[in-house]
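Trainee: Before we discuss anything, could you put the sequence and the structure up, and then take me through how such features are read?

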Amino acid sequence: MSAPPLLVTDLAKRFGNRPVLEGLCLEVGPAEVVRISGPNGAGKSTLLTCIAGTLIPDRGRIAIAGHDLEGAPLLARAALRYLPQTSPSPRGVSGRELLEFYGKVYGASPAEVDRVAAGCGLEGSLEALVTSYSGGMKRRLMFNALRFGRPALVILDEPVAGVDRSGRRAFRAQLDRWRSDGAAVLLTTHEPTDHTFEALPMRVVELDTP
Amino acid sequence: MPRVDVWPHGVAIALPLAVSWAVLRHERASVSLNEAQTFDLVFGVLMLAVGVHARNFPFQHATSVLQSASLPLPRALMWRRAVRHQRLVLSVHYAIGLFAVCTWGALQHSEILLAALDWTCMCCAAAVVEPWVSGAAARWGRRFPERHPIAELQRSIGGGWTRPEAVVHLYAGAGALALTAAVAMPLQLMMLASMTRAVPSPSWEPFTVALAPLALLPMMNWWGQRWYEGAAFESTPWLHEATRTLAGPPTPDRAPAWIRWIPDPARRMQMRQFCRTVSLPSLRLLGPTAWTAAALTGDNLGDPIVLAAVALYVSAGLSPALRVPPTQATERLPCATVPLSGPLGRLTRRALPWTWALCPVILPLATIVTYVLVT
């Protein structure tokens with residue numbers, strides 16, 4: 001039996017004396033979509049950043065596609081695509097160059113980079129600096145940067161925040177593609193009733209303030 | 001990878017320091033070679049100190065390093081990129097220092113050569129030592145099992161000023177400087193001995209000695225890289241978490257009331273930010289500014305009254321600069337800032353804003369007092 005895309009065991013994280021996550025266990029199966037829900041400050045982004053490896057939990061283990069995040073960091077990260085809540089906008093880099101960078105990181109061919117660039121909905125702005133993009137454009141660009149390769153787990157933190165209607169349609173199409181490829185999707189959104197998520201079989205994991 | 005832009009930060013302080021170095025060294029042209037070399041050692045270390053953060057920023061501190069923590073990028077790539085950056089910025093600092101050394105018009109050529117070789121030694125040692133220390137900081141800047149000796153050490157030497165996992169970074173910069181000086185000093189002393197034996201004609205021997213640390217480079221580079229590769233995925237998030245919390249507790253201290261009297265809202269905001277964030281950056285500024293004050297004193301530096309004035313000046317700047325909000329303030333003493341030297345929890349918040357706010361007033365005032373006392 002193959003390993004689940006995500007297995008979180010007994011995860012705990014506290015900031016100062018404030019516990020944010022306490023003994024959290026979570027398993028996400030192939031092609032499953034899980035929405036992490038909860039009020040502001042409940043630890044949704046903390047959970048996602050812990051799984052993405054940009055925050056180290058105080059306790060617990062995280063395995064992505066069977067690879068322990070601590071023991072096999074490169075293999076675990078190769079199976080992961082992570083869209084953070086704040087899109088990075090490096091200075092002096094154009095949209096196309098950033099796509100090429102992500103393509104290189106995820107082992108995509110130049111043809112695949114061209115294909116993603118052509119279908120990302122930013123064709124007219126790809127040669128412009130990322131710093132000149134609007135919030136929604138940055139979101140779209142970063143989302144498209146995750147399309148390379150075949151991930152086992154996709155983490156999306158507020159993926160459609162600031163994205164227009166056509167961008168949301170493209171997002172939903174890609175979400176369906178990932179699911180049909182067997183990738184698990186873990187996301188947070190404050191707009192669960194948005195048409196983007198219509199008829200999407202989604203398990204909801206509720207986080208409460210510990 | 002997106003570039004790391006720290007140039008202004010790295011050069012802005014090094015340039016005035018180099019000018020102070022050149023001016024002061026020029027005025028002490030008549031001292032013995034030994035004294036001159038001691039003087040140069042102090043300035044060399046200061047010059048390396050003001051740029052240590054700028055040089056070693058991309059190993060773990062840069063935001064782009066954290067952003068790449070979720071990507072399957074081998075840490076060896078990040079290491080090579082950081083080492084390239086470190087050497088590039090170091091070469092800029094080397095050139096600035098060399099400018100300071102070579103503008104001592106009153107000195108003999110052999111003395112200038114000795115000073116230049118001294119500085120070359122320091123920079124060669126820094127090129128070797130700093131990346132290695134960054135590798136060590138990655139290795140020891142993460143969480144160890146509860147009863148592990150390093151975990152005990154992290155707790156005991158941190159004093160609550162940062163997360164135990166990031167404690168090593170409080171010491172890494174100073175450690176790198178100390179080790180650099182320790183590596184360079186024997187070579188410098190050998191050069192001094194060789195120069196005093198044959199002053200009139202400089203030989204190539206000192207050059208060979210000065211470049212000797214480069215022989216260590218491959219081994220230390222390999223060693224540091226192994227440490228970095230094995231630990232950076234884990235230690236970088238800890239460092240960034242500690243940096244975020246070092247900016248102060250979630251609820252900041254109340255700004256002093258007089259800030260409300262500033263009519264311009266932008267300036268009011270700036271002053272408020274200055275009062276809350278000035279502590280650590282101003283520490284870096286202290287070196288060059290103290291030496292600038294010393295430059296004002298000219299040849300009277302040895303006078304007790306001048307030394308007292310300089311001490312007053314430095315302490316006036318240092319006391320507010322050392323007031324750093326402890327990271328665990330949310331745990332121990334909400335909304336409070338505690339002096340670095342004092343036990344946590346002793347002072348209340350009332351003492352804080354005025355001291356910080358007075359920092360920009362005290363520094364110029366002390367400079368004027370120093371100047372008046374001297375002249």
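**Where the two chains meet**

Mentor: The contact draws 21 residues from chain B and 20 residues from chain A, where two residues are in contact if their C-beta atoms, placed from the backbone, lie within 7 Å. This is a predicted model, in which local features need pLDDT of at least 70 and side-chain atom pairs count only at pLDDT 80 or more, whereas totals for chains, interfaces and linings use all residues. Residues are numbered from 1 along each chain as its sequence is written, while chains are lettered from A and ligands numbered from 1 in the order in which they are written.

Trainee: Which elements give two or more residues to the side of chain B that touches chain A?

Mentor: Helices (H or I, at least four residues) and strands (E, at least two) are DSSP runs, numbered from the N terminus. On this side of chain B they are α5 (63-67), α11 (217-246) and α15 (329-332) of chain B, and α11(B) gives the most, with five residues.

Trainee: How do the residues of that side divide by class?

Mentor: Ala, Val, Leu, Ile, Met, Phe, Trp, Tyr, Cys and Pro count as nonpolar, Asp, Glu, Lys and Arg as charged, and the others, Gly among them, as polar. The side of chain B that touches chain A has 10 nonpolar, five polar and six charged residues.

Trainee: Is A:Arg59 buried, exposed or partly exposed?

Mentor: A residue is buried if 20 or more other C-beta atoms lie within 10 Å of its own, exposed if 12 or fewer, and partly exposed in between, with C-beta atoms placed from the backbone. A:Arg59 has 15 other C-beta atoms within 10 Å and is therefore partly exposed. A:Arg59 lies in strand β4 (residues 59-64) of chain A and, not counting residues up to four places away in sequence, touches A:Asp10 and A:Ala12.

Trainee: How do the axes of helix α3 and helix α5 of chain A cross?

Mentor: Axes are lines fitted to C-alpha atoms, for helices over the stretch in contact, and angles run from 0 to 180 degrees between N-to-C directions. Those of α3 (residues 95-105) and α5 (residues 135-145) of chain A come within 9 Å and cross at roughly 25°. Angles under 35 degrees count as roughly parallel, over 145 as roughly antiparallel, 65 to 115 as roughly perpendicular and the rest as oblique, and α3(A) and α5(A) are therefore roughly parallel to each other.

Trainee: Which residues meet there?

Mentor: A:Gly95, A:Leu98, A:Leu99 and A:Tyr102 in α3(A) meet A:Leu141, A:Asn144 and A:Ala145 in α5(A).
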